[in-house]
Number of protein chains: 2
Amino acid sequence: MSAPDHAPSPQLFFETINAFQKSAALKAAIDLALFAAIGNEPATSAELAARCQCPERGVRILADNLTILGFLTKDGATYALTQSSAIFLVPSSPAYMGAAVNFLLAPSLTEAFTDLASTIRRGRLHTTEHGTTAPDHPAWVEFARAMGPMMAPTSQGAAELVTLDPSRDTRVLDISASHGAYGIAVARKNPRAHLVALDWEAVLAVTTENAQAAGIADRFSKITGDAFSVDLGSDYDAVLVPNFLHHFNAEVCTRFLQKVHAALRPGGQVVIVEFVPNEDRITPPPAASFSLVMLGTTPEGDAYTFAQYQQMLAAAGFRDASLHPLPPTMQSAVLAVA
Amino acid sequence: MSAPDHAPSPQLFFETINAFQKSAALKAAIDLALFAAIGNEPATSAELAARCQCPERGVRILADNLTILGFLTKDGATYALTQSSAIFLVPSSPAYMGAAVNFLLAPSLTEAFTDLASTIRRGRLHTTEHGTTAPDHPAWVEFARAMGPMMAPTSQGAAELVTLDPSRDTRVLDISASHGAYGIAVARKNPRAHLVALDWEAVLAVTTENAQAAGIADRFSKITGDAFSVDLGSDYDAVLVPNFLHHFNAEVCTRFLQKVHAALRPGGQVVIVEFVPNEDRITPPPAASFSLVMLGTTPEGDAYTFAQYQQMLAAAGFRDASLHPLPPTMQSAVLAVA
């Protein structure tokens with residue numbers, strides 16, 4: 001049961017209808033490098049306007065709205081960064097993730113939400129047939145470039161769950177490797193692990209760059225193409241399936257997990273990383289609302305519950321499925337044994 | 001000073017960047033008449049899908065997300081309306097305001113937010129020169145048709161503040177009359193008041209319909225055209241200026257208020273209705289964030305504070321400016337005497 005309704009009010013309606021303006025304001029701040037312009041030196045709107053070389057009116061209105069949204073603080077007429085904004089939205093910060101807007105607000109993604117009613121009514125996307133599941137969809141190159149930093153905490157948490165034998169050479173397959181964060185985190189933690197990254201060709205160029213930068217290029221190889229039809233190889237100790245299954249329906253996921261099972265050594269691990277809502281499908285909100293992204297951008301994807309992953313895994317031949325939240329992120333790992 | 005920052009987290013960034021999807025989900029629910037489909041009969045997603053004649057997946061994901069957003073409740077697998085959704089989002093309800101999406105999410109408005117950084121950087125709108133302040137802008141016809149119900153509580157509250165002499169014929173001018181809600185509320189409360197509505201010609205067709213429906217057609221006349229250049233007439237007992245001044249800069253507002261002053265009898269009232277943020281410009285959020293709408297859609301508009309209205313009114317020759325919040329709405333009335 002959700003929170004009770006208070007005094008009837010159209011306020012929530014008004015606020016939700018205008019919610020798109022919040023995305024627009026945050027994107028504008030990133031585009032204008034406003035967070036960098038504040039940095040460690042709190043400033044008035046006039047000072048900020050000078051630093052950004054913009055007229056003051058727009059800077060003032062934007063800064064006030066960023067304060068309302070929680071990205072800045074305002075003391076008198078002086079704006080400062082919140083701790084989170086300093087960490088995540090200043091480009092010189094190691095944890096900077098502002099570039100994620102290049103993927104999350106790319107036209108191919110936002111356009112998918114312009115007529116969601118049509119998508120729901122017809123049971124197929126109102127924009128394209130396959131959405132982001134189309135072969136070699138360019139969004140995934142942008143994703144690989146833009147989303148890596150955002151995945152750092154999740155990939156660290158997931159890597160902790162991968163248990164490889166340190167006394168021998170091991171093999172790890174990273175499905176839809178993208179930025180490579182998941183596989184690279186495992187490879188860095190396990191010096192005798194060889195990493196195989198699978199993705200579209202243009203995406204693997206980014207993965208390769210990142211593997212080189214991480215110093216694991218000599219333990220890195222690639223499989224190019226469609227995960228459903230390529231030969232995955234065999235005798236893996238672990239197969240990582242991060243943020244991949246949510247794009248497909250449960251039957252397709254199960255069939256794919258059978259293929260993963262066949263590629264693993266007996267006793268090998270599958271490590272699925274996902275937004276996993278509770279069985280009520282409405283909590284916690286950040287995980288549960290991911291279903292909407294899949295509704296808008298994929299023909300049949302979803303945010304699956306742990307019970308659904310248990311079913312898929314069992315049907316694919318896995319045993320001992322377990323759920324592992326990855327705080328402070330909103331994602332979870334689902335592990336099972338081949 | 002804003003709320004303190006808690007443990008650093010990118011969650012707010014992620015949620016705000018995706019906020020546009022909330023607007024899309026709510027719009028889809030209105031387009032699909034999902035709230036009407038639930039009505040007084042709570043239903044599962046399968047039942048709702050049958051009622052809406054849509055495949056179930058999309059209806060389920062949408063209903064879960066509407067629950068997360070607070071528009072529905074979910075008990076087990078059964079969705080029901082909140083009290084506010086029943087009142088404001090079911091078309092058969094007298095307080096229905098779902099049609100407001102036709103204005104608030106019209107392409108001419110949403111497009112204004114696709115490149116807010118450019119608007120801020122250049123100090124002029126990235127879409128059009130005058131935004132919604134252009135002569136005869138078609139958005140105002142949509143506004144008049146779509147937004148009247150949303151203005152009902154505000155117009156009732158504002159009408160209470162207009163003090164006309166009941167013992168003689170009086171004259172009331174409604175600037176940018178639109179749906180006419182403000183002037184009509186005053187006219188209905190004051191049987192000897194004659195209402196003059198000023199707006200663009202196409203908009204006044206809607207005003208006239210509404211005046212007829214309200215039974216005040218015999219006490220109603222029109223002034224067509226640009227409020228800044230037309231002859232307003234004279235000897236008014238009250239001039240209503242609802243949601244008009246925020247479109248312009250303070251100098252233009254002051255000049256317009258001088259013109260209003262000249263049109264009033266000595267002792268007559270000006271009644272401004274606006275989103276009036278506190279002097280900190282960041283509270284209350286629903287009023288303060290209106291500045292962002294003006295940044296996106298007008299060359300020089302703003303959400304002015306009461307101190308700013310006091311200045312404008314004094315400069316225009318008014319006395320005794322006073323501020324009157326109009327709960328439960330987020331708007332306020334600013335009154336002054338000629």
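This is a predicted model: local features need pLDDT of at least 70, side-chain atom pairs count only at pLDDT 80 or more; totals for chains, interfaces and linings use all residues.
Residues are numbered from 1 along each chain as its sequence is written, chains are lettered from A and ligands numbered from 1 in the order in which they are written, and side-chain values use heavy atoms, leaving out hydrogens and water.

Back to our strands. β4 (residues 193-199) and β5 (residues 220-224) of chain B pair in the parallel sense over 5 bridges; pairing here needs at least two bridges found by DSSP. Helices (H or I, at least four residues) and strands (E, at least two) are DSSP runs, numbered from the N terminus. With helix α12 (residues 201-213) of chain B, β4(B) and β5(B) make a right-handed β-α-β unit. Right-handed means that, with the strands pointing away from the viewer, the path from the first strand over the helix to the second runs clockwise.

Now, the two chains together. How is chain A laid on chain B? It takes a turn of 180 degrees and a shift of 0.0 Å along the axis, giving an RMSD of 0.0 Å, with least-squares superposition on the C-alpha atoms of residues with pLDDT of at least 70 in both. The two copies are thus related as by a two-fold rotation axis. In chain A, the C-alpha nearest that axis belongs to Phe20(A), at 1.8 Å.

The contact (heavy atoms within 4.5 Å) takes 89 residues from chain A and 89 residues from chain B. The copies meet through the same surface, because 100% of the interface residues of chain A are also interface residues in chain B. Together the chains bury about 7,500 Å², 69% of it on carbon and sulfur atoms; that is the accessible area (1.4 Å probe) lost on being put together, summed over both. Phe20(A) comes back here: with Phe13(A) and Arg57(A), Phe20(A) supplies 10% of the area that chain A buries against chain B, more than any other three residues.

How many salt bridges cross this interface? The rule finds 2, counting a side-chain nitrogen of Lys or Arg within 4 Å of a carboxyl oxygen of Asp or Glu. Arg60(B) forms a salt bridge with Asp302(A), their closest N and O atoms being 2.5 Å apart.

Last, a backbone detail. Most peptide bonds are trans. The one from Thr283(A) to Pro284(A) is cis, with omega near -20 degrees, and Pro284(A) sits in the loop between β7 (264-274) and α14 (285-288) of chain A.

Definitions and conventions:
Buried area is the accessible area (1.4 Å probe) that two parts lose on being put together, summed over both.
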